[in-house]
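I opened the notebook to record what I looked up in this structure, chain by chain. The entries follow the order in which I went through it.

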Amino acid sequence: MNLSPDVDGGLAVLIAGLALWTIAVRDTFAAVIGFVAFGLVVAVAWMRLAAPDVALTEAAIGSGITGGLLITAAAGRRRRPPPQPDGRPRGIVRIAAATASVLAAVGLGVAVLSLPTPAPTLAPNVALHLGLTGLANPVNAVLLGFRAVDTLLEVFVLLLALLGVWSLAPDRFWGGRPGAAQRVDPHAMLVFVARLLPPLGIVVGLHLLWVGAVAPGGEFQSATVLAAVWILATTAGLCDWPPVGKPRLRLVLVIGTAVFLAIGLAGLVIAGAFLAYPPAYAKLLIVAIELPLTLSIAAILGLLVAGPPSREPRR
Amino acid sequence: MVEFLTAAAILLMAIVAAGLVRLLLGPGIADRLMAVQLLGTGSAGMLLLSASAVPMAGAVDVALVLGLLAALVSVALVKSADPSMAGEE
Amino acid sequence: MAREVTTIVAVCAGLFFFLAGTIGLIRFPDTLSRLHALTKADNLGLGLIALGTMLQAQGPLQALRLVVIWLLVLVSGSAVSQLIALRVYRRSGQS
């Protein structure tokens, strides 16, 4: 279509403009809104680049969950303003940050523009060996099959991030519930919506998980939808965040990683390398990894957005 | 039909991007949230149109997640920007 | 043939509502009237586009997914609209 360069150019200008506005605007909440809008337009750009897997992840995690995290941080900062009298960094720090950002952006641009065309790619190799994993979606075949160790490490990083968020709480709140207690009016409109959406959200989440074998989807996107409706239910006051010290909660958080690790170590014995799958059982093992992993990631993402514990634990 | 749907998709995106003016101007969070809500819904519609023209696997799912999460993030933002609104009618 | 015509009509109508809603969002004088414009774009605009694309969908399952998208956006969009209206109402009561 001969309109394509204009459309892509328009999208690029929009993305750059939104990014500039988000940085320049004064009010923190307005900046968060700008960031969410930025994420949405970037997801559309990924679709223009024919990368639906990335677009799905950007819309879900980059825009949705990260937006939720920023909201929690902004709201927390508004409640407890920073201790130093002038919360803004000094001039020299800002110049250093600006220089580092510009250098990183220019470096990335140079690297991308100097790639040879066609750029070197392993995609034909993946397509050749796709049958070994039992999956038809090459992206998930790489994420859970050929480079499963990266996904395992990502989930470790998520757990560490959660520990980092929890460690922001004062000592006396350790083990307590995050967020603030909500008074709920049973007839309020938000309560109605929060009762209606979670079952649908669970269906959508399961669909995204299962369809990941053949089409864009998978455990991260599914977990994000599940976490989002959990956060909605909590925001409406239908359920409260669980106390962070509760043993069953901690079990849910680690079970995904534990199963992943166990299957990986079993692969050492059975198939000769860490996280190797015997080809006959590859699909089965991948499903066995994905199910608890989705549950764990959903719990981790929800608790990340909930924030550090802010109420004293009972007992 | 394919050309019509593709043109409609581009037009819809342009319309909704123009609505982002409200994001810049809107005195206050409410107006900015409305611009983002429109962006989410419009992007979902745009993806539906272009997926109908040139089918791409997963486009419908991306549209679903875009529309849903734009709204849910807005809900979370309104609730936390105004904590006195905890659940009351 | 009738299917093509209906799709074109539905999509054009949907685009019209989106355009009207966006113009309203930009030009109306205060927050609540802009909200009114937005909800028209959300509900009718997306609904008509979903209807139009549904007629071109391959199979009833695909068509059902389009309807589900519209319903989910309806529900979550109405939640956002009511919360925004509540916030504006509360604040104007305070000032």
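**Chain B, its burial and overall form**

I began with burial, and found that 69% of the 89 residues of chain B count as buried. I kept in mind throughout that this is a predicted model, and that every value I note here is computed from it.

I then went through the secondary structure of chain B, which has four helices and zero strands, so that from the N terminus on I read its elements as α-α-α-α. The radius of gyration of chain B came out at 16 Å, well over the 12 Å that the globule rule gives for 89 residues, so I note chain B as more spread out than a compact globule. Along the principal axes, I found the C-alpha atoms of chain B filling a box of roughly 50 × 25 × 15 Å.

I also checked the contacts in chain B with a separation of 6 or more, and 58% of them are accounted for by residues 24 or more positions apart.

**Chain A, its two domains**

For chain A I looked up the domain assignment, which gives domain 1 as 1-120 and domain 2 as 123-315. Taken over C-alpha atoms, the centres of domain 1 and domain 2 of chain A are separated by 25 Å. Their contact takes 12 residues from domain 1 of chain A and 14 residues from domain 2 of chain A. On the side of domain 1 of chain A that touches domain 2, I noted six nonpolar, five polar and one charged residues.

**Where chain A meets chain B**

What does each chain bring to the contact between chain A and chain B? I found 49 residues of chain A in contact with 38 residues of chain B. On the side of chain A that touches chain B, the helices that each supply at least two residues include α1 (4-24), α2 (28-48), α3 (52-79), α8 (189-211) and α9 (219-235). By class, the residues of that side of chain A divide into 37 nonpolar, 10 polar and two charged.

**Helix α11 of chain A**

I last checked the length of helix α11 (residues 282-306) of chain A: at 1.5 Å a residue its 25 residues should span 36 Å, and its end C-alpha atoms are 36 Å apart, which agrees. I asked whether α11(A) is mostly covered or mostly open, and noted it as mostly covered, with 18 of its 25 residues buried. After α11(A) comes A:G307, for which I read a positive phi, near 100°.

Definitions and conventions: Residues are numbered from 1 along each chain as its sequence is written. Chains are lettered from A and ligands numbered from 1 in the order in which they are written. This is a predicted model: local features need pLDDT of at least 70, side-chain atom pairs count only at pLDDT 80 or more; totals for chains, interfaces and linings use all residues. The radius of gyration is taken over C-alpha atoms; the globule rule is 2.2 Å times the number of residues to the power 0.38. A residue is buried if 20 or more other C-beta atoms lie within 10 Å of its own, exposed if 12 or fewer, and partly exposed in between; C-beta atoms are placed from the backbone. Two residues are in contact if their C-beta atoms, placed from the backbone, lie within 7 Å. Domain bounds come from an automatic or database domain assignment. Ala, Val, Leu, Ile, Met, Phe, Trp, Tyr, Cys and Pro count as nonpolar, Asp, Glu, Lys and Arg as charged, and the others, Gly among them, as polar. The expected span of a helix is 1.5 Å times one less than its number of residues.
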